[in-house]
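Please go through the model shown here with its sequence alongside. The briefing below takes up helix packing, the sheet and a few individual residues.

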Amino acid sequence: MRIDLHVHSTASDGTRPPAEVMARAAAAGLDVVALTDHDTTAGWAEASSTLPAGLILVPGAEISCAVEDPSSGELIGLHLLGYLFDPAEPALAGQLLALREDRRRRATEMVERLRALGAPVEHSVVAALAGDGALGRPHVAQALVEAGVVPHAAAAFTPEWIGDGGRAWVAKHALDPVEAIALVRNAGGVTVFAHPGAATRGPVVGDDVIASMAAAGLDGLEVDHPDHDAGTRARLRSVASSLGLLVTGSSDDHGTFTGDRLGCETTAAGAYEELVDRARR
């Protein structure tokens, strides 16, 4: 089986609608694909109703979390993949709504900062790029591209613009990962720590944080990810083994934002089956 447990659609910051993501997943030879848009389950219905024959959909979400760095007091962002939970469970649904609402507040403030820096970015353009989806920094980055400020979206994620701690960067509301794990578990789901070693994106948490998440019920680590080099993967496999965590692999595909890379990293069938089994208990 070819299993990709982390992909995005226009329900958040992917560039392709859920139906197209499903069609492309089947064309890429996947047997299982997880739709994990940021802080939302809005794409589930379309993905499920347009699922190609033979393709299994794992409904999920990538949940915004953060922990405090004890040495600096600053927050370090991290993402938790929740799978197979009840989207109507009130506590989890309420927190996801709060995260989405704060995303719009954050984008508005980033646009204002960009405009103060002389970048001719319009709120209406950012909103149009996001559509009905959960608004994220990639939408602001694309607006910078369309305004001619940067040549491509990746160039926006720098200290000069909206990279972490950058001139126009704005902090966002995020959950404590232990709280988020409990919310997903109480909604009947399972959890995996997304790209825990992706240092090119910004500061990453230490193994002590992963251990505390494991103690809280974390199910797995996303080890095989495009942002992890060989050394990082080896270290994370060791961490997962020592903590009894499952190892997953995923493309983290965002459509054209990430080069249409569905299926470039995959999860072993045994790990996938164990996640599904745990969600059924």
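In helix 5, the buried residues are Arg137, Pro138, His139, Val140, Ala141, Ala143 and Leu144, where buried means under 20% relative accessible area, exposed over 50% and partly exposed in between, computed with a 1.4 Å probe on protein chains only. The model is predicted, so local features need pLDDT of at least 70 and side-chain atom pairs count only at pLDDT 80 or more, while totals for chains, interfaces and linings use all residues. Residues are numbered from 1 along each chain as its sequence is written, and side-chain values use heavy atoms, with hydrogens and water left out. Helices (H or I, at least four residues) and strands (E, at least two) are DSSP runs, numbered from the N terminus.

**Helix 5 and its surroundings**

- Because 7 of the 10 residues of helix 5 are buried, this helix is largely enclosed by the rest of the structure.
- Those buried residues pack against helix 3 (90-116) and helix 4, contact being defined as heavy atoms within 4.5 Å.

**Helix-helix packing**

- Two packed helices are described by the angle between their axes and the distance between the axes.
- Helix 4 (residues 123-130) packs with helix 5 (residues 137-146) at an angle of about 125 degrees, and their axes are 9 Å apart; axes are lines fitted to C-alpha atoms, for helices over the stretch in contact, and angles run from 0 to 180 degrees between N-to-C directions.
- That makes helix 4 oblique to helix 5, given that angles under 35 degrees count as roughly parallel, over 145 as roughly antiparallel, 65 to 115 as roughly perpendicular and the rest as oblique.
- The crossing of helix 4 and helix 5 is right-handed, a crossing being left-handed if the near helix is turned anticlockwise from the far one by less than a right angle, and right-handed if clockwise.
- Helix 4 contributes Val125, Val126, Leu129 and Ala130 to this contact, and helix 5 contributes His139, Val140, Gln142, Ala143 and Glu146.
- Sorted by class, the contact of helix 4 with helix 5 has 6 nonpolar, 2 polar and 1 charged residues, where Ala, Val, Leu, Ile, Met, Phe, Trp, Tyr, Cys and Pro count as nonpolar, Asp, Glu, Lys and Arg as charged, and the others, Gly among them, as polar.
- For helix 7 (residues 207-215) and helix 8 (residues 230-243), the axes come within 11 Å and cross at roughly 35 degrees, and the crossing is right-handed.
- Here Asp207, Ile210, Ala211 and Ala214 of helix 7 meet Arg235, Leu236, Val239 and Leu243 of helix 8, which gives a contact with 6 nonpolar, no polar and 2 charged residues.

- An open sheet is formed by 7 strands in the order 1-2-3-4-5-6-7, with mixed pairing; two strands pair if DSSP finds at least two bridges between them.
- Strand 1 and strand 7 (246-249) are the edge strands, each pairing on one side only, and the twist averages 30 degrees from one strand to the next.
- Strand 1 (residues 3-7) has 5 of its 5 residues buried, and it runs parallel to strand 2 (residues 32-38), to which 3 bridges join it, with Ile3 partnered by Val32.
- Strand 2 is also parallel to strand 3, through 7 bridges, and Val33 has Leu57 as its bridge partner in strand 3.
- Strand 3 (residues 56-68), with 11 of its 13 residues buried, pairs with strand 4 (residues 75-83) in the antiparallel sense over 9 bridges.
- Within the hairpin of strand 3 and strand 4, which has 6 residues between the strands, Gly73 takes a positive phi near 80 degrees.
- Strand 4 and strand 5 run antiparallel and are joined by 5 bridges, and the partner of Gly82 in strand 5 is Thr191.
- Helix 6 (residues 177-186) lies across strand 3, strand 4 and strand 5, running at about 150 degrees to strand 3.

**Individual residues**

- Asp39, in the loop between strand 2 and helix 2 (44-49), has a positive phi of about 55 degrees although it is not a glycine, and its 0% relative accessibility counts as buried.
- His195, in the loop between strand 5 (190-194) and helix 7, likewise has a positive phi, of about 30 degrees, without being a glycine, and is buried at a relative accessible area of 9%.
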